[in-house]
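Here is a short report for a reader new to this structure.

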Amino acid sequence: MGDASNCHRTLATGLRRLGHEVVVASDGTKWMDTERDIDLKRRWDNKLGGLDLWARIQLCHKRKMKGFDVVSIATQGYLPLRPQRQRILYDFLRTNNRAMFYTALGTDSNFVEECLDPDTPLRYNEFMIYGKPAPHYLHEPQIANEWLHGPLKQLGDHVYDTIDGAVGVLYEYNVALRRRLAPDMIAYGGIPIDTEAIRPLELPDRIDKVRLFLGVHRDRSLVKGAELLEAAAKAVVERHPGKAELVKVENLPYKQYLELLKSAHVVLDQVYSYTPATNALLAMTYGLNTISGGEPEFYDFIGEKENHPIINALPDYTALTGIIEETVLHPELIKARGLQGREFVERHHRCDTVARRFVEFWNQRLIETGK
């Protein structure tokens, strides 16, 4: 139930390859229009759109949502409806299926609490940077308040109190899960990538002009640090106009976005994460370089001691400009790093490998809970 950046859809691909029957119900991550089996997209972004979707669920879709061994919702915002409606459907799913699980793949109330906690091990995140408010928090402080109070907080508490277990797809999300759930209720899955469907690109040994690529989700620009990445990249291009160029795209459908992504050498992903997310991992699967989250804590968490191909982004303009400039001035490293990136994804993020982690955890929890 629900999706973000094609994560659940790709997980379904991996599960099917392992022989399981899977149904994905989502809104296609809005304008990304990712594939799904049950369409939960709001046709209009107003009250009528919400009523229309709720009626479609009640009249057409609910009967398809019964009798599963496992239902996993994509964070507490798994449905593009207000929290009260989400809770009603969540309780229906919990009553009419064997077990309810949680895929931690986006922001929720618990994660916001972790980000704002002075004692969090996360030195920086989209809300706080080294103990000071991040641009996202400064620009939209009401967002955090909405997560921490009222209907969103009530829904989050209800879900966490009643799920049978949770699987995080990022190191940060697993850190946050620990504050709310017992260790035996938590597992790490990782973000699934369908490596079989992606043929790596053949980068030239010599790159005369490095093409930097920035894909922006307009409503999540501050969350990802896109404005900081863009400013740093533009500064580098201005210093070295003959050695680098910047391509920026905004809010493209998923398939169109992937076609443009493949024209890049270096993909600028995000600056507030410890972990590479879907965009970065897709770029690495194509054999491209990515500037994203690649902190030592992440590599230690997944047990990767040798292959560290992610160019680690830092949430500081001067540091980030230096990181991008160093990459541009050493284009001879791009091809080899790209090959390492592809190897990294194949080892840690193949969709069937990730799916197997999910299944092993789900089965373990089914046994432990006696369901």
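## Salt bridges, sheet and core

R17 is partly exposed, with a relative accessible area of 37%. The model is a predicted one. R17 has a charged partner, D194: their side chains form a salt bridge, 2.9 Å from N to O. R17 sits in helix 1 (residues 7–17), while D194 sits in the loop between strand 8 (186–188) and strand 9 (210–216), so the pair ties together parts that lie 177 residues apart in sequence. D194 counts as buried, at 17% relative accessibility, because the cut-off for buried is under 20%.

E295 and R123 form another salt bridge, with their closest N and O atoms 3.2 Å apart. E295 lies in the loop between strand 12 (289–292) and helix 13 (296–302). R123 lies in the loop between helix 4 (109–116) and strand 5 (128–129). The pair therefore ties together parts that are 172 residues apart in sequence. E295 is buried, at 5% relative accessibility. R123 is partly exposed, at 35%.

K262 and E259 also meet through their side chains in a salt bridge, 3.1 Å from N to O. K262 is partly exposed, with 28% relative accessibility. Some salt bridges share partners: E113, E114, D117, K153, D157, D161, R179 and R180 are joined this way into one network. The count for the model comes to 38 salt bridges.

| Salt bridge | N to O distance |
|---|---|
| R17 and D194 | 2.9 Å |
| E295 and R123 | 3.2 Å |
| K262 and E259 | 3.1 Å |

Four strands make up an open sheet, in the order 3-4-7-8, with parallel pairing. Strand 3 (71–74) and strand 8 are the edge strands, and each pairs on one side only. From one strand to the next, the twist averages 25°. Inside this order, strand 4 (residues 100–104) pairs with strand 7 (residues 165–168) in the parallel sense, over four bridges. T103 has V167, in strand 7, as its bridge partner.

Which residues have the most contacts inside the largest nonpolar core? They are M1, L89, L261 and I324, and the core has 117 residues. Leaving aside neighbours within four places in sequence, L261 is in contact with F213, V267, N279, L282, A283, Y286 and L288.

Note on methods: Residues numbered from 1 in each chain as written. Predicted model: local features only at pLDDT ≥ 70, side-chain atom pairs only at ≥ 80, totals over all residues. Heavy atoms only, no water. Core = buried A, V, L, I, M, F, W, Y, C linked by side-chain atoms within 4.5 Å. Buried < 20%, exposed > 50% of the residue type's maximum accessible area, 1.4 Å probe, protein only. Contact = heavy atoms within 4.5 Å. Salt bridge = Lys/Arg side-chain N within 4 Å of Asp/Glu carboxyl O. Helix = DSSP H or I, 4+ residues; strand = E, 2+ residues; numbered from the N terminus. Pairing = 2+ DSSP bridges. Axes fitted to C-alpha atoms, helices over the stretch in contact; angles between N-to-C directions.
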